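Trainee: I am new to this one. Can we go through the labels and ask what stands behind each?

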Amino acid sequence: MSTTQKKELDVVCVGAAIVDIPLQPVSKNIFDCESYPLEQISMTIGGDAINEATIISRLGHKAGLMSMVGRDAVGQFILEHCQKNGINTDGMKVRDGIDTSINVGLVTSDGERTFVSNRNGSLWKETIDDIDLDLVGRGRILSYGSFFNNPRLDNAALVQIFRKAKEAGMTICADMIKPRLGETFDDMKDALGYVDYFFPNFDEAQLMTGEQDLDKVAEKILSYGVGHVVIKIGKQGVCIKGLDGTDMVVPAMKGITALDTIGAGDNFAAGFITGLLEGKSIKECGEYGNVTASLAIQSIGATTGVKNRAMWDAQLEAYKKQYASA
Ligand SMILES: Nc1ncnc2c1ncn2[C@@H]1O[C@H](COP(=O)(O)OP(=O)(O)OP(=O)(O)O)[C@@H](O)[C@H]1O
Ligand SMILES: [Mg+2]
């Protein structure tokens with residue numbers, strides 16, 4: 001991040017901002033019951049870009065969100081969440097005639113889950129025309145929530161966004177989800193070439209590369225021109241490999257009981273990006289990611305774990321103590 005130009009924001013988060021409605025616990029024979037009372041049914045904030053923007057903002061940096069919602073109560077709920085969390089919404093598009101995406105998650109008591117989503121919701125409808133390219137370059141880092149999450153943001157669309165970011169001297173980070181429509185990395189090869197830090201989990205990375213072995217998986221991803229691949233390996237932490245020869249495993253926080261891992265990846269990304277903003281080494285960025293994710297998975301909901309910087313600082317101290325003698 002060598003650019004000296006004064007930036008309005010630290011991070012521009014592009015991607016999904018939706019509402020999740022978790023229903024739990026539900027039993028598999030729910031249809032045998034005429035009525036199914038639960039302790040709680042409520043809207044919670046979800047979507048990779050808004051999750052990241054929320055956590056980055058709570059950690060003390062200026063985040064802007066570029067996403068799309070419909071002109072409805074759900075969209076309003078999302079915009080209010082941004083306001084409460086100090087997230088800049090200049091890049092938010094409110095589109096008439098579409099519904100804001102809602103993800104209903106059915107979770108059994110033993111943790112099995114099924115998501116019911118709207119194929120015509122904002123997440124599926126957003127195209128490059130809904131993104132104001134003039135607002136992309138306002139930060140030091142551009143974070144694209146997840147490759148394959150917005151099906152219409154394809155290779156060509158992402159290249160347009162990433163090119164703008166690079167022209168503005170930004171570092172580009174991106175996560176991914178498993179493709180829903182059978183897309184491959186080759187379909188995204190130009191866009192991948194712009195990514196400086198790419199955050200798949202091991203499972204996704206294996207699936208997409210067709211390789212099993214960690215070294216081979218990483219090598220294949222780096223062959224697309226990705227600067228660093230940051231492969232999340234659950235409770236083991238993260239493996240980071242780079243075109244510059246970086247090759248390390250940064251271990252996860254020990255002694256964590258995972259209550260809800262939804263959004264673990266988004267929190268990891270928010271922590272890692274905070275490290276980049278604060279000029280930390282790549283190893284420290286990995287630690288920041290692990291520490292942030294460790295807080296997230298101990299409470300239900302993607303943005304409920306990390307409440308403020310002080311709490312996060314304490315967790316980082318605890319993490320450092322765990323590995324002090326290593
Ligand atoms: N049991 C655990 N103990 C400590 N940390 C954990 C544990 N499980 C996950 N983590 C942390 O969460 C990070 C992300 O986990 P994971 O590998 O599940 O990512 P992910 O699959 O992208 O998450 P998501 O389900 O949100 O997409 C890990 O890199 C690690 O830092
Ligand atoms: Mg993930």
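Mentor: Start with Q83, found in helix α2, residues 73-84. The model is predicted, so every value here is computed from it.

Trainee: Why is Q83 called exposed?

Mentor: Count its C-beta neighbours. Q83 has 10 inside 10 Å. A residue is exposed at 12 or fewer. Therefore Q83 counts as exposed.

Trainee: How far is Q83 from T171?

Mentor: Their C-alpha atoms are separated by 26 Å. Along the chain, Q83 and T171 are 88 residues apart.

Trainee: Now F198. What makes it buried?

Mentor: F198 has 23 other C-beta atoms within 10 Å. The cut-off for buried is 20 or more. So F198 is buried.

Trainee: Where does F198 sit, and which residues does it touch?

Mentor: F198 is in strand β11, residues 197-198. Leaving out residues up to four places away in sequence, F198 touches A174, I221, V226, V229 and V230.

Trainee: Is F148 buried or exposed?

Mentor: F148 has 20 C-beta neighbours inside 10 Å.

Trainee: Which residue just after α1 takes a positive phi?

Mentor: G60 does, at about 100°.

Trainee: Which two residues does a cis peptide bond join?

Mentor: Q24 and P25, with omega about -5°. Most peptide bonds are trans. P25 is found in the loop between β2 (18-23) and β3 (44-46).

Trainee: On to helix pairs. How are two packed helices described?

Mentor: By the angle between their axes and the distance between the axes. For α8 and α9, the angle is about 145° and the axes are 7 Å apart. α8 passes α9 in a right-handed crossing.

Trainee: Which residues make that contact of α8 and α9?

Mentor: From α8, they include A264, F268, F272 and L276. From α9, they include C285, Y288, V291 and A296. By class, the contact of α8 with α9 has 10 nonpolar, 7 polar and 1 charged residues.

Trainee: At what angle do α9 and α10 pack?

Mentor: About 115°, with their axes 10 Å apart. Helix α10 covers residues 309-322. The crossing of α9 and α10 is right-handed.

Trainee: What meets what in that pair?

Mentor: E287, V291, T292, S294 and L295 in α9 meet W312, Q315, L316 and Y319 in α10. These contact residues divide into 5 nonpolar, 3 polar and 1 charged.

Trainee: Which residues come nearest to ligand 1?

Mentor: N201, K232, K235, G265 and A293, out of 21 residues around ligand 1. Two elements give two or more residues to that shell: α8 (264-277) and α9 (282-296). The largest share, 4 residues, comes from α8.

Trainee: How does the shell around ligand 1 divide by class?

Mentor: The shell has 10 nonpolar, 8 polar and 3 charged residues.

Trainee: Now the whole protein. Why does its radius of gyration agree with a compact globule?

Mentor: With 326 residues, a compact globule would have a radius near 20 Å. The protein has 19 Å, so the value agrees. Its C-alpha trace spans about 60 × 50 × 40 Å along the principal axes.

Trainee: How many helices and strands does the protein have?

Mentor: The protein has 10 helices and 14 strands. Of its 326 residues, 47% count as buried.

Trainee: What share of the contacts comes from residues 24 or more positions apart?

Mentor: They account for 73% of the contacts with a separation of 6 or more.

Conventions
Residues numbered from 1 in each chain as written. Chains lettered and ligands numbered in written order. Predicted model: local features only at pLDDT ≥ 70, side-chain atom pairs only at ≥ 80, totals over all residues. Near = placed C-beta within 6 Å. Nonpolar A, V, L, I, M, F, W, Y, C, P; charged D, E, K, R; others polar. Axes fitted to C-alpha atoms, helices over the stretch in contact; angles between N-to-C directions. Left-handed = near helix turned anticlockwise from the far one by under 90°. Contact = placed C-beta atoms within 7 Å. Rg over C-alpha atoms; globule rule 2.2 N^0.38 Å.
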